[in-house]
Amino acid sequence: MKALPTLLASLILPLLLALPAQAEIIVIVSAKNPVRTLSNEQAVDLFLGKSNNFPNGSKAVPLDQAEGAGIRDSFYRKTTGKGPAQMNAHWARMLFTGRAQPPVAVSDSEAVKKLVAADASLIGYIDRDALDSSVRAVLSLH
Amino acid sequence: MTAYSARLAALAMLLPLAADSLADDDLPAASAAAPATLALNGFGTLGLARSSERGADFVFDNLQPKGTGRSHQWSSDVDSRLGLQLTANLNSNLSAVLQIVSEYRWDGTYTPMVNWANLRYAITPALSVRIGRIALDSFMASDSRKIGYSNVMARPPTEVYRLLVLRDADAIDATYRYSDRDFVNTVTVLYGQRTVTNTRSVNVHSTDVAGVFERFEQGPLTLHAAYQQRRVDNQNPPLGKFMSLGAAWDPGPWFASAEWVKAINFNAANLKIIRAAWYLNGGVRLGDFSPYVTLSELKPISETGQAPVGQHTYAAGVRWDVRRNVDVKFQWDHIRLNDNSFGTLQNVAPGTRPGGKVNVVSLLTDFVF
């Protein structure tokens with residue numbers, strides 16, 4: 001029986017170590033965009049294709065990160081509770097019922113930031129480390 | 001109108017080249033962020049179903065002439081289908097969709113049909129209009145019921161979706177979305193017409209198809225309500241009405257949904273037929289596996305003097321997300337037919353006894369690309 005705690009520790013420790021570092025994700029818009037802040041719901045509705053305008057009524061176009069990227073899975077897990085398979089099912093429904101098309105995906109946080117900085121209609125999410133003054137943080141997800 | 005809207009959409013598909021040069025003005029810096037001008041996507045299901053009742057056929061909907069049970073021990077016709085969709089983004093406000101679906105249909109063939117063929121114009125980000133063939137959003141999942149990959153269940157509960165007589169229309173509609181800090185409300189009004197061929201090869205004409213469809217979404221909550229009516233030439237008086245209320249809650253680790261629908265129709269002999277149906281569905285997500293249970297019932301409300309179409313079903317199943325964009329589902333349906341009723345069974349053999357219990361097992365795979 002003495003072996004049990006050791007056994008448990010040897011099972012649980014690797015699991016804990018394997019957990020990805022919980023990096024902070026920042027939802028960004030262009031510094032040219034008058035929008036200052038978004039609620040979790042407002043941001044999610046834009047990324048899920050349920051809404052396509054900022055609170056001030058101007059057009060909003062979401063930019064996604066690459067499929068399979070850790071930050072993408074983590075963004076949707078934090079905001080909607082859903083994993084990649086459920087997100088794919090969501091987009092199958094939206095696309096094939098004519099409601100919305102999935103956002104264009106680009107390679108990484110730097111690419112998202114560069115595009116968002118240049119276009120006031122875009123909204124993206126990036127790693128906090130990539131944040132600089134070319135874009136504005138409108139929501140932070142821990 | 002049918003051929004017209006298909007032609008309209010086909011014409012629209014030829015326009016992107018012309019639109020490209022126009023689109024330059026709309027999307028100067030961020031063309032990398034714009035959706036593809038032209039996209040081809042598809043969805044499909046390969047399924048096998050087997051019913052314990054040998055005197056009648058279990059079918060997906062009442063446009064399928066045969067199914068599993070009497071005609072086949074194992075039928076691949078009940079659930080299998082393939083759909084292709086061409087989406088054209090003509091400019092930042094105008095898009096066109098053409099969706100062709102091949103599935104087992106009224107004449108026993110898989111001849112492809114045009115499911116969607118419409119042009120959509122966004123007047124503002126919140127207000128858009130469509131013209132062409134549009135699938136009706138009559139019930140919570142009626143316009144996505146063919147896209148198996150987007151749903152948890154093997155197929156929508158037959159009791160409820162059986163009452164969806166008209167699935168699409170050649171129509172014009174307007175959609176307005178209102179969003180606030182924590183919700184989105186979408187309302188659509190539609191007007192159109194449609195001719196559908198039933199399993200007796202009769203063309204049923206629906207005109208003055210009018211509908212109001214309402215969807216409220218707040219986080220994991222979706223509420224849906226719809227009202228729809230039409231003039232239909234095989235009824236006396238030629239009037240059919242449908243209404244539905246639905247709710248779904250999906251926070252991620254588990255999910256639940258419920259829907260209630262009511263259909264009011266007349267037969268050719270001026271007899272009013274009122275039917276109601278509902279289902280409850282719930283399940284959990286355990287990694288790649290999503291086991292679920294469903295309870296559903298179809299009940300006749302009006303006294304028709306004829307054998308009532310009534311049944312209820314206990315179903316249990318599991319969806320397994322095998323890999324990206326592919327799932328496998330197994331579902332068991334235990335159907336209890338009302339006394340003196342064959343329920344939703346079709347193609348009943350003479351001498352078959354009404355009432356009783358039917359078991360159906362289904363194994364299928366859904367995919368999107």
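## A hairpin in chain B

Let's start with a hairpin: 4 residues link strand S7 to strand S8 in chain B. Strands and helices here are DSSP runs, numbered from the N terminus, with at least two residues (E) for a strand and at least four (H or I) for a helix. This is a predicted model, where local features need pLDDT of at least 70 and side-chain atom pairs count only at pLDDT 80 or more, while totals for chains, interfaces and linings use all residues. Residues are numbered from 1 along each chain as its sequence is written, and chains are lettered from A and ligands numbered from 1 in the order in which they are written.

S7(B) covers residues 113-122 and S8(B) covers residues 127-135; they run antiparallel, with 6 bridges between them. Strands count as paired when DSSP finds at least two bridges between them. One such bridge puts Tyr121(B) together with Val129(B) in S8(B). S8(B) also pairs with strand S9 (residues 168-179) of chain B, again antiparallel, over 9 bridges. There, Arg130(B) sits opposite Asp173(B) of S9(B).

## Inside chain A

Now to helix H5 of chain A, residues 109-118, whose buried residues are Ser109(A), Val112(A), Lys113(A), Leu115(A), Val116(A) and Ala117(A). A residue is buried if 20 or more other C-beta atoms (placed from the backbone) lie within 10 Å of its own, exposed if 12 or fewer, and partly exposed in between. The buried part of H5(A) packs against several elements of chain A, including strand S1 (25-30), helix H3 (70-80) and strand S4 (122-127). Contact means C-beta atoms, placed from the backbone, within 7 Å. Beyond its neighbours within four places in sequence, Val116(A) has contacts that include Ile28(A), Leu63(A), Ile123(A) and Val135(A).

## Two nonpolar cores

A nonpolar core is a set of buried Ala, Val, Leu, Ile, Met, Phe, Trp, Tyr and Cys residues joined through C-beta atoms within 7 Å. The largest has 38 residues, and Val116(A) is among those touching the most other members, as are Val27(A) and Tyr125(A). Elements of chain A giving two or more residues to this core include S1, H5 and S4, and H4(A) gives the most, with 7 residues. Apart from it lies another core, of 34 residues, among them Trp116(B) and Ala263(B).

## An exposed loop residue

Back in chain B, Asn340(B) lies in the loop between strand S18 (326-337) and strand S19 (356-368). Why is Asn340(B) counted as exposed? Because Asn340(B) has 12 C-beta neighbours inside 10 Å. Setting aside residues up to four places away in sequence, Asn340(B) touches Ala307(B), Pro354(B) and Gly355(B).

Technical notes: Two residues are in contact if their C-beta atoms, placed from the backbone, lie within 7 Å.
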